[in-house]
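Hello,

Here is the structure I promised to pass along. Please open it alongside this message, and then read on for my notes.

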Amino acid sequence: CTTPPAPFHSAHRVAVKLSADGQDWTTSDVWFTYYDLPVIKTLKPSVGPSDGNTTLTIFGLHFQDPLTLVCRFGTGPGVPVPAIFVSSTEIRCSTPPSTLPSLPAYEHVYVSVDGAHWSQPLEFLYLPPIVVTVISPLQGPEEGGTLVRIEGTQFWRSDDLHCRFGN
């Protein structure tokens, strides 16, 4: 059987009944639950390294906490990764390594609560790994505040670009 559209245009349970003649229906307590498809509004961060393992926070609507909550990277079967439910408007997942042939490149990100029906996508930008070749100066006072110039390759303008000193 194929489900018709939800009768009330909102998430809810309905009884499933079967009939051989269209008049006499089963009385079993079998239920089907309609749900709203998840909607992705924002990815944070929206960029990350091609080797993956970026914790991606996805903000949107209609996220649920089933065991099958999943993110997918790429079109077609793509690369599915488990998602962590935070709230109905926030989930998290780790980016897989990029399978794209050249970088930088955008990859579609989808969300599903059942592994079969997917949200509309947003794009995540995979970047080639950053290479630091020189920093100057090499030292500064313990109280901090030293402006350090960093040179290298594969830098990308982003609000998510940060420096860290130490572990």
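This is a predicted model: local features need pLDDT of at least 70, side-chain atom pairs count only at pLDDT 80 or more; totals for chains, interfaces and linings use all residues.

**The largest pocket**

The largest pocket has a volume of about 740 Å³. Its lining is made up of 22 residues. If you want to find the centre on screen, select Ile-130, Asp-160, Leu-161, His-162 and Cys-163, which are the lining residues that lie nearest to it. Two elements each give two or more residues to this lining: strand 4 (47-49) and strand 12 (131-136). Of the elements, strand 4 gives the most, with three residues. What is the make-up of the lining by class? There are 16 nonpolar residues, alongside three polar and three charged ones.

Next, have a look at strand 5 (residues 55-61), where you will find Thr-57. Is Thr-57 buried or exposed? Its relative accessible area is 12%, and because the cut-off for buried is under 20%, Thr-57 counts as buried. Setting aside neighbours within four places in sequence, Thr-57 is in contact with Thr-42, Leu-43 and Lys-44, and also with Glu-90, Ile-91 and Arg-92. With Arg-92 there is a polar contact as well: the two side chains are joined at 3.4 Å. Pro-45 is 12 residues from Thr-57 in sequence, and their C-alpha atoms are 7.1 Å apart in space.

Pro-104 belongs to the loop between strand 9 (90-94) and strand 10 (105-112).

**Two residues with positive phi**

Finally, there are two backbone angles to check. Asn-53 is not a glycine, yet its phi is positive, at about 70 degrees. You will find Asn-53 in the loop between strand 4 and strand 5. Its relative accessibility is 63%, so Asn-53 counts as exposed, the cut-off being over 50%. Gln-154 also has a positive phi of about 70 degrees without being a glycine. Where is Gln-154 found? Look in the segment after strand 13 (149-153). Gln-154 has a relative accessible area of 39%, and is therefore partly exposed.

Best wishes

Technical notes
Residues are numbered from 1 along each chain as its sequence is written. Side-chain values use heavy atoms; hydrogens and water are left out. On a 1 Å grid over the protein atoms alone, a cavity is a set of points where a 1.4 Å probe fits but cannot get out, and a pocket is an open set with protein on both sides within 12 Å along at least five of seven lines; lining residues have an atom within 4 Å of a point. Grid points are joined across faces, edges and corners, and a volume is the space filled by probe spheres set on the points. Helices (H or I, at least four residues) and strands (E, at least two) are DSSP runs, numbered from the N terminus. Ala, Val, Leu, Ile, Met, Phe, Trp, Tyr, Cys and Pro count as nonpolar, Asp, Glu, Lys and Arg as charged, and the others, Gly among them, as polar. Buried means under 20% relative accessible area, exposed over 50%, partly exposed in between (1.4 Å probe, protein chains only). Contact means heavy atoms within 4.5 Å. A polar contact is a pair of N or O atoms within 3.5 Å; within protein, one must be able to donate a hydrogen and the other to accept it, and residues adjacent in sequence count only if both atoms are side-chain atoms.
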